[in-house]
Amino acid sequence: MVFTEIRPWKRAKRRGTASDLCDFLGFDFLSFPFVAGAGDGDGDGDCCAGEPFWSAVQSFLKKYGRLRFPPSLLPSLVTWQILLRVGDQADGGGGGGVVSLDVVEEDVARSRSVYCDQCRVVGWSGHPVCRKRYHFIIREKCSPLEGSQQPCMKCGHMTYLFDSRCKSCNSALTADDLEDRIYCQFEDSTHILHGVVHSNGYGHLLRINGREGGASLVSGTDVMNFWDRLCQRLAVRKVSVMDVSKKHGIDFRLVHTVAKGQVWYGGWGYQFGTGSYALTSDAYQNAIDTISSIPLSTFFFQDRGPRTQLQTLIEFYQSLSDTEIRTLKDLFSFLLDFIRELYTAKTDEQPPSSDWSNNSLSCPWMGNDVERVEQCMEKMLVTSDKWVSRRTLKGALCKAASPELIDYCLKHIVGRVVGDGIKVRARCNPNSNAVEYRVQSQNCSNIRNWVEDGLDSIRPSKMQVMDDLRYLYDSLLNPQTMVTYRPQATRESVVDSAKKLLDCKQFIKDYKVEQAAVTNPFKIHLWCQVELEDCAWDDPSLPPELIVLPGNSTVADLRSEATKAFKEVYVIFKRFCIQELPDYGCIDGGMTLNLLFGSSSGAVRIRGRCNAKYGLGRFRAERGTETWIVDCVCGTKDDDGERMLACDNCSIWQHTRCVGIDGLDEIPAKFLCRRCLGGRCIESDCSSGSSSRSSPRKEEAESECLIESRILEYETKPIIIPSRITCRDEIRSEGLGIGSGIFMTFDVQ
């Protein structure tokens, strides 16, 4: 038998399908990624429980990430890409899409920005500088190809990141151009998601943009759910967020806090982190309770003048709610829920279904009482040939029934048949926004503003609700535009509480990985706390690191793994060397850890040396190498992200607002704090030879010094401070040699 050698068939290239991509909306760290026909995730490395972040993120990227370009091209900014599916594309109906999650692994030692500004303002400035920063980015253009396009530096033509030359001008794209593009992404404010996590597991959520922010495939809630699951999957320890969001033209965090008792991020466990101007958690909570409990009746019992627009709006939304609206919290909570339902509705004409608009609820009153009140309303409407406002009906029946019963009858009287072909109709007055009632024949032709389906059909449009929300915010919550009402003490308390809520921007979520249960009983999990000998640092703040060892490991293995872990996490630990375990004294390196600790989990102190020479001293803390002191009159002792300036005599930093400089005012060319000003006044008083009884001369000297401390007239103009200067950077004015600086709030959405 003769066999003819035949060239084997070329194996067909397998095309990627939608089922091969991770489901963005169903991402779960216990089963991610879900692949058809795969196992349940046991033993395949899907779960990173029991691993430190620096190890979990590396295994995560190696398994699911795809390198965008060779690491040798730009070793300090290694970029990975993970494709995620949104919706179902298996049928080709176009009901979903694909987004690209880009993970940039930044080498901090070779980075353009060594220190983390977010760590400084959130209270982590004492942490040593980490070796890696991982940026998790989903661009506004969710398509993997569209998100990879950047304009050419010379001609402006759109080119891809992996192109070696521009197709328009044929100019070569160098590694420096690629580096500039990646660093520009870190400052882009249009990203749907941008979060950064340091190698020690502490991270910052820099940006979230939902559909209103430009996202076309996912909502803000979906993106936030994805970020939260991703942090749990990678064993992130703590994440901070600066909430300065503007939504519907208002400070959304203030409205949401009053309505729900927490900021929007609080739905995912973010709580009060650090408050500006030395605000504490108790002061923050007291401010929430003060505003939320203000009764709406306060705004009705004022002057006997005509009914105001504020009173009409409050009463209008009270009439729409099935539950009683008594306080500011009830009012704004109802408005936010109403807006959410309007956004989820398909069209403005189709009213959303909601629990509060369901008329089939059981009536808490007797049928005879309801019938009696409705008959009284019918008689009033029949005898009147005009529209009767809701307020008039309630006032006429205030002595015949309780206010709750009257509200219930007003909600259900619309559409009631009074006589032959006569029904009760209702409308929303377009001029006053008041609900009005009238009886009219069913065959009346002019019924454009009349409703037969019940009071629940009288609903404003989206634009009307947005305008009403802005008006109510400006009238009731905004400290700058709040209406005047009595008692004055109540208004002042509300203004003060609103300012405190606006001053609280930093919120932190603690994932509590230290308290997580051990999932693998055959391994030893130890949290190692390092103590440094002969440390020249100023109060170093080192979080403990998780060390995972096999069950038969010894003390020598612990030393080796701990040294490796701290070298992987922090730059300055490059030459770290462990000396001893202080809680156990001189111990043999061959002793097993099970005999030493008696369990598979625990904590241990490690003492060692960390040589800060060889140029590593500048990585000792996120606050930097400069020595600056914050001691404001409000009680702040550290940088909190607010605008500051330093005294030109003692170099102590204070808030500009606390020293009487408004946010839009220019910084004086020279500034003296009250302490230094007081010393100059005393010297001036003593040098003049005046006694303690000569108070007019002393007051005059203090006045002169105060004027001099605010602003000194020089031939040159006052210094204009850039918005990116921080309180550790010093600016020298030209020709004067006077140090003056300022710190601005970060531009984080």
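Visitor: Is Ala 278 buried, partly exposed or exposed?
Guide: This is a predicted model, and Ala 278 sits in the loop between strand S13 (271–274) and helix H6 (281–292). Buried means under 20% relative accessible area and exposed means over 50%. Ala 278 has 36% relative accessibility, so Ala 278 counts as partly exposed.

Visitor: What is the phi of Ala 278 near?
Guide: Most residues other than glycine have a negative phi. Ala 278 is a residue other than glycine, yet its phi is positive, near 65°.

Visitor: Where is Ala 235, which has a positive phi although it is not a glycine?
Guide: The phi of Ala 235 is about 60°. Ala 235 is buried, because its relative accessible area of 14% is under 20%. Ala 235 is found in the loop between helix H4 (220–233) and strand S10 (238–242).

Visitor: Which peptide bond is cis, with omega near 0°?
Guide: Most peptide bonds are trans. Pro 487 lies in the loop between helix H12 (462–476) and helix H13 (488–503). The cis bond with omega near 0° runs from Arg 486 to Pro 487.

Visitor: How many residues does H8 give to the largest nonpolar core?
Guide: In soluble globular proteins, nonpolar side chains tend to be buried together. The largest nonpolar core here has 109 residues, and those touching the most other members are Phe 136, Leu 205, Trp 227, Tyr 270, Tyr 317 and Phe 332. H8 gives the most to this core, with 9 residues.

Visitor: How many residues are in the other core that lies apart from it?
Guide: Among the members of this other core are Trp 54, Leu 526, Leu 549 and Cys 610. The core has 35 residues.

Visitor: At what angle do helix H7 and helix H8 pack?
Guide: H7 covers residues 309–320 and H8 covers residues 328–344, and their axes are 11 Å apart. H7 passes H8 in a left-handed crossing. The angle at which H7 and H8 pack is about 65°.

Visitor: Which strands stand at the edges of the open sheet of 4 strands?
Guide: The order of the sheet is S14-S17-S16-S15, with antiparallel pairing. Two strands each have a single partner strand, so one side of each is left without a neighbour in the sheet. These edge strands are S14 (388–389) and S15 (417–419).

Visitor: Is Gln 654 buried or exposed?
Guide: Gln 654 is in strand S25 (residues 652–655). Not counting residues up to four places away in sequence, Gln 654 touches several residues, including Asp 631, Arg 643, Leu 645 and Phe 671. The relative accessible area of Gln 654 is 3%, so Gln 654 is buried.

Visitor: What percentage of the residues of the protein count as buried?
Guide: The protein has 17 helices and 28 strands. Of its 749 residues, the share that counts as buried is 47%.

Notes: Residues are numbered from 1 along each chain as its sequence is written. This is a predicted model: local features need pLDDT of at least 70, side-chain atom pairs count only at pLDDT 80 or more; totals for chains, interfaces and linings use all residues. Side-chain values use heavy atoms; hydrogens and water are left out. Axes are lines fitted to C-alpha atoms, for helices over the stretch in contact, and angles run from 0 to 180 degrees between N-to-C directions. A crossing is left-handed if the near helix is turned anticlockwise from the far one by less than a right angle, and right-handed if clockwise. Buried means under 20% relative accessible area, exposed over 50%, partly exposed in between (1.4 Å probe, protein chains only). Contact means heavy atoms within 4.5 Å. A nonpolar core is a set of buried Ala, Val, Leu, Ile, Met, Phe, Trp, Tyr and Cys residues joined through side-chain atoms within 4.5 Å. Two strands pair if DSSP finds at least two bridges between them.
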